[in-house]
Amino acid sequence: MTFTRYAAALIAALAFTVAVTAQAGAYPTKPVRIVAPAPPGGGTDFLARLLGRYWTENTGQPVVTDNITGANGNIGAAQVSRAEPDGATLLMSYVGTQSINPALYKSMPYDPKKDLEPIAELASYPFVIAVNPDVPAHSIKELIQYAKANKNELSFGSAGVGSGGHLVGEMFNKRNGTNIMHVPYRGSAPAITDLLAGQLQVVFDTLNTVGPFIKTGKIRALAVTSDARIESFPDIPTVAEAGHPDMVISGWYGLFAPKSTPAALLQSINDGVGGILRTQDYQDKVRTAGYVPSSPQSTEQFRTFVDDETKRWSELAKSSGAAID
């Protein structure tokens with residue numbers, strides 16, 4: 001099916017909502033706002049803007065991205081949870097705001113399960129286990145051996161306590177009997193800066209963040225935590241290939257709406273997003289950025305996926321001992 005036909009499918013899906021969502025009014029009647037609860041430049045922002053661009057191109061409807069940061073994404077997500085359920089305010093959420101934060105915070109300004117309606121997954125991303133080139137390890141096996149032989153001498157950085165990189169790093173320690181010390185930062189960028197300078201030895205981060213340095217040889221990648229190699233980095237083996245299938249894990253990004261949004265409206269947006277996901281152009285741009293484009297699925301399939309992911313990441317967060325007051 002051609003891009004034009006997918007665009008037509010999206011237009012038809014959105015037009016359909018006018019007839020089936022009278023209680024919410026004709027949709028969309030005003031510019032659509034996609035809240036990205038993270039700063040510009042990261043995956044959440046990238047996917048919100050990419051989706052908005054296709055949406056506008058295909059329908060003529062203005063779509064704006066609104067970066068509302070703070071509290072690991074909780075502030076932006078909470079704002080969307082309280083918005084009118086008319087489809088005009090949506091959330092580009094990620095694994096942290098939906099599946100990790102509830103296990104970290106003693107109190108939350110919203111309930112991810114009750115206050116937000118899942119629409120569609122947009123992309124996923126593996127973590128890459130990478131080291132400073134001065135570390136004499138060229139494989140997961142060698143890193144484990146070196147860490148055990150040099151106890152308390154290695155440290156890994158993350159974007160903060162309870163971030164995906166932190167939890168994956170703790171999972172690595174627990175499953176391999178290592179003791180690589182965690183050093184939290186305010187974002188991935190300063191952690192990568194210290195890794196490049198040799199102040200850190202290891203990171204468990206995304207290819208979007210460390211990929212450019214891997215390509216130049218300034219950072220050595222040992223493995224990715226996906227179940228298949230990444231097309232844009234085909235030389236990096238998977239953790240399963242390295243003998244650690246129990247470490248296959250990925251983060252993800254998805255679109256959500258406020259609670260009480262009519263089911264027909266959710267499904268219509270899901271249909272439209274599905275059309276975008278099928279286009280080669282979207283898939284190419286997502287892969288080039290270091291992510292894995294998602295396949296279309298129903299709202300119920302995505303809800304089940306989010307529930308399963310919440311259980312998995314909550315267990316990781318609790319086992320790590322991470323907590324935020």
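Two strands pair if DSSP finds at least two bridges between them, and helices (H or I, at least four residues) and strands (E, at least two) are DSSP runs, numbered from the N terminus. The structure is a predicted model, in which local features need pLDDT of at least 70, side-chain atom pairs count only at pLDDT 80 or more, and totals for chains, interfaces and linings use all residues. Residues are numbered from 1 along each chain as its sequence is written, and side-chain values use heavy atoms, with hydrogens and water left out.

View 1. With strand β7 (residues 202–206), β4 pairs in the antiparallel sense over 5 bridges, and Ala 130 has Val 203 of β7 as its bridge partner. Strand β8 (residues 220–224) is also antiparallel to β4 and is joined to β4 by 4 bridges, with Ala 223 of β8 as the bridge partner of Ile 129.

**View 2. Strand β4 with β9 and β10.** Between β4 and strand β9 (residues 250–258), which run antiparallel, there are 9 bridges, and Tyr 125 is found opposite Gly 251 of β9. Strand β10 (residues 292–293) pairs with β4 in the antiparallel sense over 2 bridges, where Ser 124 stands opposite Val 292.

**View 3. Strand β1 between its parallel partners.** Because 4 of the 5 residues of strand β1 (residues 32–36) are buried, β1 is largely enclosed by the rest of the structure. The parallel pairing of β1 with strand β2 (residues 63–67) extends over 5 bridges, and Val 32 has Val 63 of β2 as its bridge partner. Strand β3 (residues 89–94) pairs with β1 in the parallel sense over 3 bridges, with Ile 34 opposite Leu 90 of β3.

**View 4. Helix α2 and its contact with helix α10.** Helix α2 (residues 43–59) forms a right-handed β-α-β unit together with β1 and β2; a crossover is right-handed if, with the strands pointing away from the viewer, the path from the first strand over the helix to the second runs clockwise. The axes of α2 and helix α10 (residues 263–277) lie 11 Å apart, and the two helices pack at an angle of about 100°, which makes α2 roughly perpendicular to α10 (65 to 115 degrees). Axes are lines fitted to C-alpha atoms, for helices over the stretch in contact, and angles run from 0 to 180 degrees between N-to-C directions. Leu 51, Tyr 54, Trp 55 and Asn 58 of α2 make the contact with Ile 269, Val 273 and Ile 276 of α10, contact meaning heavy atoms within 4.5 Å.

Definitions and conventions:
Buried means under 20% relative accessible area, exposed over 50%, partly exposed in between (1.4 Å probe, protein chains only). Angles under 35 degrees count as roughly parallel, over 145 as roughly antiparallel, 65 to 115 as roughly perpendicular and the rest as oblique.
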